[in-house]
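This report sets out the geometry of a protein model for a reader who has its coordinates at hand. Please consult the sequence and structure shown below while reading.

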Amino acid sequence: MAFRFEDLQIWQKAMDLDEQINQLTKTFPKEEIYILTSQIKRAADSVVLNIAEGSTGQSKAVFKVFLGYSLRSAIEVVSCLFIAKRRNYIAEENFKDLYTDYEVLVKMITALKNAI
């Protein structure tokens, strides 16, 4: 693989979750397209992009900063999921699955950040 981030499990998991979020937002009401849909998609993308950007051979300190950005974006996705659930845009079971997956991802990012 040409880029370091491609081998990172956290990047791969973030990519998988990003796709799940993308599919989920296709079911949101059209009036949310520039509001919640946009917000959750940008946050999910940000998780992936910050992991990739931070891993590009910069210093360990810089990578930690980008992992911090990624972590905060993952938390933002979870908050958006709560909003979607409250507005009945997402079923309880789907919410629980995504919540659990993001909880795992947050733990993975935190562990990597602490290990650097």
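The sections below treat the basis of the values, the packing of helices, the aromatic rings and selected residues.

## Basis of the values

The model is predicted, and local features need pLDDT of at least 70, side-chain atom pairs count only at pLDDT 80 or more, and totals for chains, interfaces and linings use all residues. Residues are numbered from 1 along each chain as its sequence is written, and side-chain values use heavy atoms, with hydrogens and water left out.

## Helix packing

Helices are DSSP runs (H or I, at least four residues), numbered from the N terminus. Axes are lines fitted to C-alpha atoms, for helices over the stretch in contact, and angles run from 0 to 180 degrees between N-to-C directions. Angles under 35 degrees count as roughly parallel, over 145 as roughly antiparallel, 65 to 115 as roughly perpendicular and the rest as oblique. A crossing is left-handed if the near helix is turned anticlockwise from the far one by less than a right angle, and right-handed if clockwise.

Helix α2 (residues 36–54) meets α3 at roughly 160°, and their axes come within 8 Å. That angle makes α2 roughly antiparallel to α3. The crossing of α2 past α3 is left-handed. By class, this contact of α2 with α3 comprises 16 nonpolar, 6 polar and 2 charged residues. In this classification Ala, Val, Leu, Ile, Met, Phe, Trp, Tyr, Cys and Pro count as nonpolar, Asp, Glu, Lys and Arg as charged, and the others, Gly among them, as polar.

Helix α4 (residues 92–115) packs against α3 at an angle of about 165°, with the axes 10 Å apart. α3 and α4 are therefore roughly antiparallel to each other. In the contact of α3 with α4 there are 16 nonpolar, 3 polar and 4 charged residues. α3 passes α4 in a left-handed crossing. For helix α1 (residues 9–25) and α4, the axes come within 10 Å and cross at roughly 155°. That makes α1 roughly antiparallel to α4. α1 also passes α4 with left-handed geometry.

## Aromatic rings

A pair of aromatic rings is described by the distance of the centres and the angle of the planes. Rings of Phe, Tyr and Trp (its six-membered ring) pair if their centres lie within 6.5 Å; planes under 30 degrees apart count as stacked, over 60 as edge-to-face and the rest as tilted. The structure holds 7 aromatic pairs. One of them is the edge-to-face pair of Phe66 and Tyr69, with 5.5 Å centre to centre and 80° between the planes. Both residues belong to helix α3 (residues 60–86), where Phe66 and Tyr69 are 3 residues apart and so separated by about one helical turn. Phe66 is buried at 13% relative accessibility, whereas Tyr69 is partly exposed at 37%. Here buried means under 20% relative accessible area, exposed over 50%, and partly exposed in between (1.4 Å probe, protein chains only).

Phe3, Phe5 and Trp11 form one aromatic cluster. A charge sits over a ring if NZ of Lys or CZ of Arg is within 6 Å of the ring centre and within 35 degrees of the ring normal. This arrangement is found for Lys85, whose charged end sits over the ring of Phe95 at 4.3 Å from its centre.

## Selected residues and separations

Asn88 is found in the loop between α3 and α4. The phi angle of Asn88 is near 65°, a positive value in a residue other than glycine. With a relative accessible area of 68%, Asn88 is exposed.

Phe66 and Leu49 are 17 residues apart along the chain, and their C-alpha atoms are separated by 9.2 Å. In helix α4, Tyr102 is buried with a relative accessible area of 1%. From Tyr102 to Val65 the C-alpha separation is 19 Å, for 37 residues in sequence. Ala115 also lies in helix α4, but is exposed at 67% relative accessible area. Gln9, which lies in helix α1, is exposed with a relative accessible area of 61%. Gln9 and Ala91 are 82 residues apart in sequence and 28 Å apart in space, C-alpha to C-alpha.

Conventions: Helix = DSSP H or I, 4+ residues; strand = E, 2+ residues; numbered from the N terminus.
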